[in-house]
Amino acid sequence: MTWPPTTLCWQPSQLEPHQLKHDFLTHFEVKVATIWNSFTHPVTPHIPHTEPIATMSSFKILEDSDVLQLVTRHRATTCPLEPIPSAVLQSISAELLPYLSSIINNSLICGHVPAAFKTACVTPLLKKPSFDPSDVRNYRPVSLLPFLSKTIERAVLNQLSVFLHQNNLLDPHQSGFRTGHSTETALLAVTEALATARASSLSSVLILLDLSAAFDTVNHKLLISTLAEMGISGTALSWLRRGYLLV
């Protein structure tokens with residue numbers, strides 16, 4: 001697997017003149033490759049084959065009203081690669097609605113993510129003001145996709161989340177990236193578990209992991225395989241699979 005799953009367009013940040021974009025690109029590519037190669041014998045966990053309790057082979061076509069809501073109800077964050085600012089796109093979205101609906105629905109129907117929607121503008125940001133700005137290790141890459149690309153992602157996320165939630169396919173202990181959950185709910189769950197164990201005179205061991213480049217080192221084949229086991233198939237799975245490819 002190579003990092004990243006998007007084409008890069010580096011934006012200047014708190015960089016010294018001699019720090020060129022390829023230095024950062026090389027650093028982050030080597031970092032992820034090093035982590036990936038440290039898995040000397042990556043093992044794919046055995047998932048007993050069982051028939052999924054429900055299936056999702058395609059995404060639902062969005063009505064114009066759904067598309068308008070997706071476009072207008074989210075914060076406008078303009079990527080420098082976009083032809084017009086996202087705030088302007090939102091203001092004229094009613095006039096462009098037939099075209100916006102066509103672009104989004106064609107992507108959902110075909111299970112295809114256009115290459116232009118996978119091109120991100122990446123800005124290296126200094127992790128802390130006190131860090132040395134001349135050391136590339138002190139930077140974090142922040143990726144910004146085009147607004148319309150994120151709009152399609154939200155359309156997919158909404159439908160996928162409903163499917164996973166309605167069929168109880170999410171880990172009950174997951175707090176990240178779930179509506180109504182946060183780090184606060186995770187801390188409350190851990191605190192409650194520790195308090196319950198103490199009240200029962202039991203010992204507790206808490207193991208905390210800080211994973212470096214966690215999202216960039218995700219095994220995409222394993223992720224797609226897991227989604228397939230959950231009942232995702234057809235053009236829905238194709239959309240998710242092709243979202244990781246550059247072409």
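Reader: Where does Ser201 lie?
Author: In this predicted model, Ser201 sits in the loop that runs between helix 6 and helix 7.

Reader: And what about phi of Ser201?
Author: Although Ser201 is not a glycine, its phi is positive, at about 60 degrees. As background, most residues other than glycine have a negative phi.

Reader: Is Ser201 buried or exposed?
Author: Ser201 counts as exposed because its relative accessibility is 69%, and the cut-off for that class is over 50%.

Reader: What is phi of Asn168, then?
Author: Phi of Asn168 is near 55 degrees, which is a positive value in a residue other than glycine. Asn168 belongs to the loop between helix 5 and helix 6, and with a relative accessibility of 69% it counts as exposed.

Reader: Let's step back. How many helices and strands are there in the protein?
Author: The protein has 8 helices and 3 strands, and read from the N terminus the elements follow the order β-α-α-α-α-β-β-α-α-α-α.

Reader: How much of it counts as buried?
Author: Of the 247 residues in the protein, 30% count as buried. The accessible surface comes to about 16000 Å², and carbon and sulfur atoms account for 61% of that area.

Reader: What share of the contacts joins residues 24 or more positions apart?
Author: Taking the contacts in the protein with a separation of 6 or more, 72% are between residues 24 or more positions apart.

Reader: Now the core. Which residues have the most contacts inside the largest one?
Author: Those are Ile104, Ile232, Trp239 and Leu240, within a nonpolar core of 29 residues. Two or more residues of this core come from each of helix 2 (64-72), helix 4 (93-110), helix 5 (147-166), helix 7 (220-229) and helix 8 (234-242). Helix 5 contributes the largest share, with 8 residues.

Reader: What does Leu240 touch, leaving out residues up to four places away in sequence?
Author: With those set aside, Leu240 touches Val156, Leu160, Ile224, Leu227 and Ile232.

Reader: Which residues of helix 8 are buried?
Author: Ala236, Leu237, Ser238, Trp239 and Leu240 are buried in helix 8, and the cover over the buried residues of this helix includes helix 4, helix 5 and helix 7.

Reader: Staying with helix 4, is Asn105 buried or exposed?
Author: Asn105, which lies in helix 4, is buried because its relative accessible area is 10%, where buried means under 20%. Leaving aside neighbours within four places in sequence, Asn105 is in contact with Ile61 and Leu62.

Reader: Changing topic: how much space lies in the second largest pocket?
Author: The second largest pocket holds about 350 Å³ of space, and its lining is made up of 16 residues, with Lys60, Ala155, Asn158, Gln159 and Val162 lying nearest its centre.

Reader: Which helix gives the most to that lining?
Author: Helix 5 gives the most to the lining of the second largest pocket, namely 6 residues, while helix 2 and helix 5 each supply at least two.

Reader: How do the lining residues divide by type?
Author: In the lining of the second largest pocket, 6 residues are nonpolar, 7 are polar and 3 are charged.

Reader: One more loop. Where is the place of Leu81?
Author: Leu81 is found in the loop between helix 2 and helix 3 (86-91). With a relative accessible area of 39%, Leu81 is partly exposed. In sequence Leu81 and Pro146 are 65 residues apart, yet from C-alpha to C-alpha they are 7.0 Å apart in space.

Reader: And Thr185, what does it touch beyond residues up to four places away in sequence?
Author: Thr185, in helix 6 (residues 183-199), touches Ser175 and Gly180 once those residues are not counted. The C-alpha atoms of Thr185 and Ser175 are separated by 6.7 Å, with the two residues 10 apart along the chain.

Reader: How does Thr185 count, in terms of relative accessibility?
Author: Thr185 counts as partly exposed because its relative accessibility is 25%, a value in between the cut-offs of under 20% for buried and over 50% for exposed.

Note on methods:
Residues numbered from 1 in each chain as written. Predicted model: local features only at pLDDT ≥ 70, side-chain atom pairs only at ≥ 80, totals over all residues. Heavy atoms only, no water. Core = buried A, V, L, I, M, F, W, Y, C linked by side-chain atoms within 4.5 Å. Buried < 20%, exposed > 50% of the residue type's maximum accessible area, 1.4 Å probe, protein only. Helix = DSSP H or I, 4+ residues; strand = E, 2+ residues; numbered from the N terminus. Contact = heavy atoms within 4.5 Å. 1 Å grid on protein atoms, 1.4 Å probe; cavity = no way out; pocket = protein on both sides within 12 Å on 5 of 7 lines; lining within 4 Å. Points joined across faces, edges and corners; volume = space filled by probe spheres on them. Nonpolar A, V, L, I, M, F, W, Y, C, P; charged D, E, K, R; others polar. Areas by Shrake-Rupley, 256 points an atom, 1.4 Å probe, with all protein chains shown as cover.
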